[in-house]
Amino acid sequence: METPMLKRRLNPFLLASTVLVLSLLAGLAVTWQGQLSDLMSEKKNLSTQIQEKNEEIQALEAEKANLSEESSTLEDTISQLKSLNNQLDATIKEREAKISSLENIIDDRNEEIESLNDTAEDLRDNFTDLRDTFQTVCSEEEDSGNITEDSKTLCESEFGDNY
């Protein structure tokens with residue numbers, strides 16, 4: 001004989017509530033799984049974006065460093081050009097002063113030349129007056145007969161035979 005098994009009746013409420021709870025748990029699990037998958041996908045996308053932004057930041061920082069170096073080089077060049085410009089300005093002022101000094105010397109020399117030309121003209125006039133006077137003396141002396149041999153020779157050498 002076999003031992004009879006205890007037979008029990010299933011409680012329909014318990015069965016319905018168990019099925020309902022398991023259905024809810026399965027639904028929640030599917031929903032959470034979808035949300036978790038979405039969150040993981042979004043996290044992966046955000047990680048990719050963060051990595052891209054970090055790479056972009058690194059590229060921008062490298063560009064900034066290059067621009068800083070270029071800016072520094074340009075500032076050095078500007079400084080050198082300003083220094084050269086100042087030197088050239090000083091040289092120009094120095095040469096302008098030299099030119100002014102030379103112009104003053106030229107003006108002084110021109111005044112001296114004018115003075116010498118005036119003196120030369122005066123001397124030519126005096127020489128012409130002396131020559132005229134000498135010629136007059138020679139011609140008067142010849143007529144008067146009071147001329148010496150030395151004076152006669154001088155008159156002939158200076159004016160020829162027709163003094």
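Helices (H or I, at least four residues) and strands (E, at least two) are DSSP runs, numbered from the N terminus. This is a predicted model, in which local features need pLDDT of at least 70, side-chain atom pairs count only at pLDDT 80 or more, and totals for chains, interfaces and linings use all residues. Residues are numbered from 1 along each chain as its sequence is written, and side-chain values use heavy atoms, with hydrogens and water left out.

**The whole chain**

Start with a cartoon view: the protein has two helices and zero strands. Now show the surface. A residue is buried under 20% relative accessible area, exposed over 50%, and partly exposed in between (1.4 Å probe, protein chains only). Of the 163 residues in the protein, 2% are buried.

**Two salt bridges**

Side chains of opposite charge can pair when their charged atoms come close. A salt bridge is a side-chain nitrogen of Lys or Arg within 4 Å of a carboxyl oxygen of Asp or Glu. How many salt bridges does the structure hold? There are two.

Select Arg109 and Glu112, whose side chains form a salt bridge at 3.7 Å, N to O. Both residues lie in helix α1, three residues apart, about one turn of the helix. Arg109 is partly exposed, at 46% relative accessible area, and Glu112 is partly exposed too, at 43%.

Next select Glu121 and Arg124. In this salt bridge the closest N and O atoms are 3.4 Å apart. Glu121 and Arg124 are also three residues apart in helix α1, about one turn. Glu121 is partly exposed, with 40% relative accessibility.

**A nonpolar patch**

Select Val21, Leu22, Leu25, Leu28 and Trp32, which make a nonpolar surface patch of about 520 Å². Patches are made of residues with over 30% relative accessible area and no salt bridge: like charges are joined within 9 Å, nonpolar side chains (Val, Leu, Ile, Met, Phe, Trp, Tyr) within 5 Å. Leu28 lies in helix α1. Why can Leu28 count as partly exposed? Because its relative accessibility is 40%.

Technical notes:
Areas by Shrake-Rupley, 256 points an atom, 1.4 Å probe, with all protein chains shown as cover.
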